[in-house]
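Subject: Structure handover and findings

Hello,

Here is the structure I promised to pass on. Please have it open while you read; my notes follow below.

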Amino acid sequence: MTKLPVLLVLSFLLFNCKEEKTPIPKKKPLPNIIYVLADDLGYGDIKTFNPEGKIATPNIDKMAVSGIKFTDAHTSSAVCTPTRYGILTGRYNWRSPLKSGVLTGKSKALIPNDRSTVASLLKKADYHTAFIGKWHLGWDWAQKTAMDATGEGWNATDFENLDFTKPINNGPKELGFDYSYGHSGSLDMAPYVYVENGMATAKVDTVTVDKGKYTWWREGPTAADFVHEDVTPHFFRKSMEYVTERGKENKPFFLYLALPSPHTPILPTEEWLGKSDLNPYADFVMQVDDYMGQLLEVLKKEGLTDNTMIVFTSDNGCSPQANFELLAEKGHHPSGPYRGHKADIYEGGHRVPFVVQWPAMIKPGSISDEIICTTDFMATCADIAGLDLYANEAEDSFSMLPIFIGNKEFAREATIHHSINGSFAIRKGNYKLILCPGSGGWSSPRPGSKEIEGMPKNQLYDLSKDPSEKHNIFEEHPQKVNELKGLLLSYINNGRSTPGPKQKNSPLNLAGKQWHQLETVLNK
């Protein structure tokens, strides 16, 4: 049964707390929702989260002043594809067939059409839904021949059998988006083709490659209208056009703006090159912040600011491609006080800036230390729209609405973290249990390296005392280890971390291969 929209419920409750002579308030419209996802942006790259940082981000900082910032927000994975899966489905990424790593620009669709998403959910509440940007969840390109003997999409020759003149299948449209415009993988992953509502927007007539230190992208087919340096500005322009257009309609909208930046290729436009006095990565972050300011200005101009919930966050921590060493020399640390970076199980891999502005509901200058996850977006949207979730929807999503309205009773008990190689960690309160030695990712000590030999196979940290994860207290707290491990196993076995009937996790997507990370958890 459908619930009443949350704004109507709140208005009703307020009315009943006042004298009878107070007129019945009119039903408020559901809010517009914009979710802006940066790519490889570190927790320490936004000034409001890292006052010692050297990158100026005045517009995102202003969002935090106008709304709420979360100091302990996490992505469900330390890399791109799996986090995007979690955002749109409200389900931990490792429950999907993808147990580690990321997809390419050629990969088949990861999310099946019968899996509910934020977009398909909000359509039930009469939202117009749009995706603009970097998809990186796979879709099915048309093939020239049924038998494709080429590779997975890491090499230039892997795209020879793709037919760019025909529509794609199993893309954003099939997952609930009324409008879609974007490219298939990361901006350094071929093919470099804009796809609008299932069709390429221009002829794919050339091959491009870049081998620069910051600007590199892999060799691959490129469409006539695809200019790498203009992709981020182009997506913002398309988004601002969408907001202006939809703002004239008497219907709420949901825009998922998935940026390809500041991920490689690091391509600040000429206007921004050198502006940071740090390096091109910092310039690129400043450019993203400026475009966020332009998007916020469009909302203001169209009279949409008050009743638009706009989220700004990142899909994981900063990539080492940003040149951590050079930035550190100049006093800037992309992960702030935290250890590691993109791909890692350490905090720098998955703790991200997270800001929400919604003047109609959120008190300005709010700060929350609640531990939230990017999977929580779907349940939040359901709560806002007054929609029930079925047992097989948003299995790892908890509504953030209570935090938005100042109610401290947030339902999330614990949060599972995941690294690029599929290693697990679980966080409950101040304690974080890591079920692998080392980083589980790209920072030292790396998986499979000699430096990891002889290290404890488990790590436990009290983040309230040791936010940089320097002192492993695994052997000192066996009861805490057993408690957290048992909770992790229950979440895995139940197919969910929310209350409800047991669900099934998807099997590994590679025939004959074992989900060895799960075996590691079971055998510890």
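Axes are lines fitted to C-alpha atoms, for helices over the stretch in contact, and angles run from 0 to 180 degrees between N-to-C directions. Helices (H or I, at least four residues) and strands (E, at least two) are DSSP runs, numbered from the N terminus.

Some ground rules. This is a predicted model: local features need pLDDT of at least 70, side-chain atom pairs count only at pLDDT 80 or more, and totals for chains, interfaces and linings use all residues. Residues are numbered from 1 along each chain as its sequence is written, and side-chain values use heavy atoms, with hydrogens and water left out.

**Helix 2 against helix 6**

The axes of helix 2 (residues 58-66) and helix 6 come within 7 Å. They cross at roughly 50 degrees. That makes helix 2 oblique to helix 6 (angles under 35 degrees count as roughly parallel, over 145 as roughly antiparallel, 65 to 115 as roughly perpendicular and the rest as oblique). Helix 2 brings Pro 58, Asn 59, Ile 60 and Met 63 to the contact (heavy atoms within 4.5 Å). Helix 6 meets them with Asp 289, Asp 290, Met 292, Gly 293 and Leu 296. The tally is five nonpolar, two polar and two charged. Here Ala, Val, Leu, Ile, Met, Phe, Trp, Tyr, Cys and Pro count as nonpolar, Asp, Glu, Lys and Arg as charged, and the others, Gly among them, as polar.

**Helix 5 against helix 6**

Helix 5 (residues 231-246) and helix 6 (residues 280-301) have axes that come within 10 Å and cross at roughly 10 degrees. The two helices are therefore roughly parallel to each other. The contact includes Phe 236, Met 240 and Val 243 of helix 5, and Phe 284, Tyr 291 and Leu 295 of helix 6. Its residues divide into eleven nonpolar, four polar and no charged.

Helix 5 is mostly covered: twelve of its 16 residues are buried (under 20% relative accessible area; exposed is over 50%, partly exposed in between; 1.4 Å probe, protein chains only). Among the buried ones are His 234, Lys 238 and Arg 246. The buried residues pack against strand 1 (32-38), strand 3 (128-134), strand 4 (179-183), strand 5 (195-196), strand 9 (253-258) and helix 6.

**Glu 229**

Glu 229 sits in the loop between strand 8 (217-223) and helix 5. Its relative accessibility is 37%, so Glu 229 counts as partly exposed. Beyond four places in sequence, Glu 229 is in contact with Trp 217, Leu 267 and Thr 269.

**Thr 380**

Thr 380 lies in helix 9 (residues 377-385). Thr 380 is buried, at 1% relative accessible area. Its side chain reaches the backbone oxygen of Asp 376 at 2.7 Å. Leaving aside neighbours within four places in sequence, Thr 380 touches Phe 398, Ser 399, Met 400, Leu 401 and Phe 404.

**Backbone points to check**

Most residues other than glycine have a negative phi, and most peptide bonds are trans. These depart from that:

- Ala 190 to Pro 191 is a cis peptide bond, omega about 0 degrees. Pro 191 is in the loop between strand 4 and strand 5.
- Thr 264 to Pro 265 is cis, omega near 0 degrees. Pro 265 is in the loop between strand 9 and helix 6.
- Ala 343 has a positive phi, near 90 degrees. Ala 343 is buried, at 0%.
- Ala 394 has a positive phi of about 50 degrees. At 4%, Ala 394 counts as buried.

Best wishes

How values were computed:
Polar contact = N/O pair within 3.5 Å; in protein donor to acceptor, adjacent residues only side chain to side chain.
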